[in-house]
Amino acid sequence: VANPSEYRDDYNVFIENDWGRKIRQIRLAYGMVYSEYAKLIGCDEQTLEHWEIGLSRPLRKYYVEIKETAVKCGIDLDKLNDNPDYFGSDYQRFIEKDCNIKIKSIRMAYGMTTYALGNLIGCTGEAVCRWERGICTPELKYFKTIERLAEEKGISIAELNVCPNLVDDDYRAFCN
């Protein structure tokens, strides 16, 4: 190193700013909920949550695992350090806009009630109702099942992200 006093290793660059958003991006790109990702990198859930919301920085000893999981997901850490929002997961893109319409399209493709779809997903019909009304969005733990159900009906999440109204509501058409 030409000037050791100005040297910053990759850990220091990572924690310099927005480490919480970066860790969240890596975790979501990996498709894991807090408990799974915390176990993978060797910390507890609360510690991971504190990192993601910016209450504390990850210690250097955890950075090796964080870095390895990023690389496994195809995330370039230099790009992530430059712009923490550069990488997004399918889950993030699914819930960020018109999630309620996307969920309803999947349900309409099956011709089911919210309660029947909830049974398939592994949640309650009330949860599906709240998702469709835009009150909240599905948790990551339900996303893989939602994605699989959509694919079984020939609908890709990428298509839904572009056009959330892929399947019409037959009931509304019937009423009209």
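This report describes the cores, selected helices and selected residues of a predicted model.

## Basis of the model

Residues are numbered from 1 along each chain as its sequence is written, and side-chain values use heavy atoms, with hydrogens and water left out. Because the model is predicted, local features need pLDDT of at least 70 and side-chain atom pairs count only at pLDDT 80 or more, while totals for chains, interfaces and linings use all residues.

Helices (H or I, at least four residues) and strands (E, at least two) are DSSP runs, numbered from the N terminus.

## Nonpolar cores

A nonpolar core is a set of buried Ala, Val, Leu, Ile, Met, Phe, Trp, Tyr and Cys residues joined through side-chain atoms within 4.5 Å. Buried means under 20% relative accessible area, exposed over 50%, and partly exposed in between (1.4 Å probe, protein chains only). The largest such core has 22 residues, of which Phe94, Ile103, Ile121, Cys123, Val128, Trp131 and Ile146 touch the most other members. Two or more residues each come from α7 (90–96), α8 (99–110), α9 (114–121), α10 (125–132), α11 (140–152) and α12 (157–162). The most, six residues, are given by α11.

Contact means heavy atoms within 4.5 Å. Not counting residues up to four places away in sequence, isoleucine 121 touches Val128, Trp131, Tyr142, Thr145, Ile146 and Leu149. A second, separate core has 21 residues, including Phe14, Cys43, Leu48 and Leu80.

## Helix α3

Helix α3 covers residues 34–41, and Tyr37, Ala38 and Ile41 in this helix are buried. Seen down the axis of α3, its buried residues fall within an arc of 100°, so they line one face of the helix. The arc is that of the directions from the helix axis to the C-beta atoms.

The buried residues of α3 pack against α2 (19–30), α4 (45–52) and α5 (60–72). Glycine 42 follows α3 and has a positive phi, near 90°.

## Helix packing around α10

Axes are lines fitted to C-alpha atoms, for helices over the stretch in contact, and angles run from 0 to 180 degrees between N-to-C directions. The axes of α9 and α10 come within 7 Å and cross at roughly 110°. That makes α9 roughly perpendicular to α10. Angles under 35 degrees count as roughly parallel, over 145 as roughly antiparallel, 65 to 115 as roughly perpendicular and the rest as oblique. Thr114, Tyr115, Leu117, Gly118 and Ile121 in α9 meet Gly125, Glu126, Val128, Cys129, Trp131 and Glu132 in α10.

The axes of α8 and α10 are 7 Å apart, and these helices pack at an angle of about 130°. That makes α8 oblique to α10. On the α8 side, Asn100, Ile103, Lys104 and Arg107 meet Val128, Trp131 and Glu132 in α10.

## Cysteines

The structure holds zero disulfides (a disulfide is a pair of cysteine sulfur atoms within 2.5 Å). For cysteine 43, the nearest cysteine sulfur is that of cysteine 73, 16 Å away. Cysteine 43 counts as buried, at 13% relative accessibility.

For cysteine 136, the nearest cysteine sulfur is that of cysteine 99, 8.8 Å away. Cysteine 136 counts as partly exposed, at 30% relative accessibility.

Glutamate 147 is in helix α11 and is buried, with a relative accessible area of 14%. Leaving aside neighbours within four places in sequence, glutamate 147 is in contact with Asp90 and Ile157.

Arginine 57 is in the loop between α4 and α5 and counts as partly exposed, at 48% relative accessibility. With neighbours within four places in sequence left aside, arginine 57 is in contact with Ile15, Trp19 and Trp51.
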